[in-house]
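Student: Could you show me how to read the features of a protein model, step by step?
Tutor: Gladly, let us look at one together.

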Amino acid sequence: MKQGYQTISSLKNECISFAEEVLRLDFSEPGDDFLKEEFKGEKTETELAAMVSEVIFRLKGIRLFKSQLITAAALYKGNIAELPTGEGKTLAAVVAAVLFAKAGRSVHILVFNDYLAQRDGIDNKEIFDFCGVSSGFVTEDMKVEMRKEAYNKQVLYICAREAGYDCIRNFTADSSQKLIGGDFDVAIVDEADSILIDEASIPLVLAGKAEKGEANEPQMIKIVSSLTTEDYEISEQDRQVWLNDTGIEKVENALLINDLYSDENFDLLSDINTALEACYILKKDKDYIVRDGKIAVIDESTGRIAASRKFPNALHRFVEAKEGITDNIYTKIYCTMTIGAFMGQYKTLAGMTGTAATSADEFESSYELRTVVVEPHTPCIRRDLEDEFFETNTQRDEAVINEIIKANSKGQPVLIGTSSVEESEKLSALIREKNIPHNVLNARNDRLEAEIIAQAGKPYSVTVSTNMAGRGVDIKLGGSDENEKEFVCGVGGLYVISSSINSSRRIDNQLKGRAGRQGDPGVSKFFISLEDETIAPFFDDELSSRKKMTIKDKFALVRSAQKTLEGNEAEARYTLKKYSYIIEHQRKVISDYRLKILNDEEAPNILQSEDLDKYLELEQTVGKEGINLAEKQLILYYINQHFATYLEAMEDYKSGVHLTIVAGKNPFDEFNRTAISAFEEMNQDIRFDVLNKMREADITKSGIDMSKHGLDGATGTWTYMVDDSAGQFNHLPAIMNMVSKKIKEAIPLGQKLENFFNKFKKN
């Protein structure tokens, strides 16, 4: 630990020395034309940074602070930089990007959303142009040709997930001209904690329409919804639910089967478990909302609708069935990779955020990135008041309302962070009863975010919001009116109130950070109920056994619960990463091979090696080029089809692999063993199908007419993120205690479970 501290201290000192040297250099004398020419010559890194700083001043009228130059140095050295929001991270990234570009590197500045990609791409273009660096941006609605042009720039602003989507879109390209994206060289990640940690395990998915199977989701939801609390056990803490003996009997009677856990009923068991999760774990207005007749997933850390995100495919359909949505779209997944795996493709990775220190260990363990905490140019004068604790939610809500009234009476703007859409609307109703004008910002109206936030710093404004990080939207005290800003500063600045505690200190800090920006006054306070469902399950015993607790006791309990939550979430991310590692490795293997075939760097040579007589026969009629072209068309097609089947099978297997622990097996080992076997089988199936089609299809000098033979490729594909969960993998030793007595007494249980999973090994 001491050695790590010394390493970070040494790195920080290097960055400080870099910044001080830059500030000593003066390029204010040369005219614009001369300075532009200077960028073409050989310059040291500090000279280049000083020149960029001068360009920013000439074009923007902004002098870079020492803190921004320290941040730029940390980024250029490939690290995470923590700098409070409002201190100018965007321009620090510009300096680092120019340094990389002038060193011949290609830079992607990965931001949180399309709005920021377009805003920063446009705002900073004149700086890059002056420095002789080409730049561009990509947004979701941009056409292929414009994307390809943007990727050819030296610096590209793009939403992190959109860059990942472009990467996996290449998997279905049937010609090299359709490939998108260039070299994944350097990535500077904005909001690094959100993208590299919170979203790291979220799979990015490329999908297309599949044939609609038998719609049994409504039936399963109906059966599960008819159960009572006597029929199942639930762990809110672990987000797990399972049937007990009475529940198993009711489900078996409803399905007209004798044994839900027999191998022939594996699919039914999987559907019932998914229906249980949809009905009793996922909650409307907390995990999702229904908007425009569709399920919209809510991002837990921000309270916003998570753009283009779904629950894992089957689960999403079951939630739709639960809410009475029947126009389900059945999908075939052609390619998938996690955001974390995508980030691993960059040769150099760096990031910046206002809240990194509490996640420094995870940055280092997951990405080998060190964290440099940069002191702000303008010290924060926000007052963080002590947490206040309440026995019940009702008492807490009453105290929050009284605090709002008190602040509002003197004109102080108030921002209230809540834990869910439901909570925000309940609090809004209580405020309405007091006749206090206010705005509500949650997943139902997040499209109005910029407009609502613009008003949140004005005198007398009250804004109720689901907890959210800034993500590029700033709250200005008094809005654009300087007189009103002076008034708001005089009454204490923005008052941030939280009606709950979050699952991590980092998210708490993000909420606090909405107040007291850039040296402005501000206040924050957390009102915490011991009934809060986020933390209550962690200390039921303490609450029931101790009638009176001191403030110190309550603080210790709550923070202990939060620390446990942080650990659980880190463990979940680690577990998901473990289970996705083998799939990601295989995706890379098959993608690399496919790319070589696509670019004619390698030929399949399947017919020649497997059926020489047929090869020689075709060689006489269509020539080697016709054979090679036909094999190329077929192998590209069958790779897509079989890899999609493989992914579907492994997703089904993963959803039940945790049950192997009951048979005394290691789920992770079983998953890897099955993945390796299935992948080898997939490769054999690809070669088998290519060979058969080469024997029976009409082959010409132009290859094969794919449409004529019903071999149309992946058309009409779309991308989305899967809101995956590691719940089924958490606390695996406890599975034995969760399994009902009826199952444990089944004979022979171990053999039954083996049969469940051998089914997938044979497919």
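What follows is a conversation about reading this model.

Student: What kind of model is this, and how are its residues numbered?
Tutor: This is a predicted model, where local features need pLDDT of at least 70, side-chain atom pairs count only at pLDDT 80 or more, and totals for chains, interfaces and linings use all residues. Residues are numbered from 1 along each chain as its sequence is written, and side-chain values use heavy atoms, with hydrogens and water left out.

Student: How many helices and strands does the protein have?
Tutor: Helices (H or I, at least four residues) and strands (E, at least two) are DSSP runs, numbered from the N terminus. Here the protein has 30 helices and 24 strands.

Student: What share of the residues is buried?
Tutor: Buried means under 20% relative accessible area, exposed over 50%, and partly exposed in between, using a 1.4 Å probe and protein chains only. Of the 763 residues in the protein, 53% are buried.

Student: How do I read a pair of aromatic rings?
Tutor: A pair of aromatic rings is described by the distance of the centres and the angle of the planes. Rings of Phe, Tyr and Trp (its six-membered ring) pair if their centres lie within 6.5 Å; planes under 30 degrees apart count as stacked, over 60 as edge-to-face and the rest as tilted. By this rule there are 15 aromatic pairs. One of them is the tilted pair of Phe-171 and Phe-643, with 5.4 Å centre to centre and 50° between the planes. This pair links distant parts of the chain, 472 residues apart: Phe-171 is in the loop between α9 (160-169) and β5 (186-190), and Phe-643 is in helix α26 (residues 623-656).

Student: Why do Phe-171 and Phe-643 count as buried?
Tutor: Phe-171 counts as buried because its relative accessible area is 4%, and Phe-643 because its value is 0%.

Student: What does a stacked pair look like here?
Tutor: Phe-390 and Phe-527 are stacked, at 6.2 Å centre to centre with 10° between the planes. Phe-390 is in strand β16 (residues 388-390) and Phe-527 in strand β21 (residues 522-529), 137 residues apart. Both Phe-390 and Phe-527 are buried.

Student: Which residues form an aromatic cluster with Phe-171?
Tutor: Phe-171 forms one aromatic cluster with Phe-643, Tyr-646 and Phe-679.

Student: Which charged end sits over the ring of Phe-171?
Tutor: A charge sits over a ring if NZ of Lys or CZ of Arg is within 6 Å of the ring centre and within 35 degrees of the ring normal. The charged end of Arg-594 has this place over Phe-171, 5.6 Å from the ring centre. Likewise, the charged end of Lys-578 sits over the ring of Phe-668, 4.4 Å from its centre.

Student: Where is Ser-499, and what does it touch?
Tutor: Ser-499 is in the loop between β20 (494-498) and α21 (505-512). Contact means heavy atoms within 4.5 Å. Leaving out residues up to four places away in sequence, Ser-499 touches Arg-396, Gly-417, Thr-418, Glu-423 and Phe-527. Ser-499 counts as buried because its relative accessible area is 2%.

Student: Where is Leu-315, and what does it touch?
Tutor: Leu-315 is in helix α14 (residues 313-322). Its relative accessibility is 7%, so Leu-315 counts as buried. Not counting residues up to four places away in sequence, Leu-315 touches Thr-274, Glu-277, Ala-278 and Leu-282.
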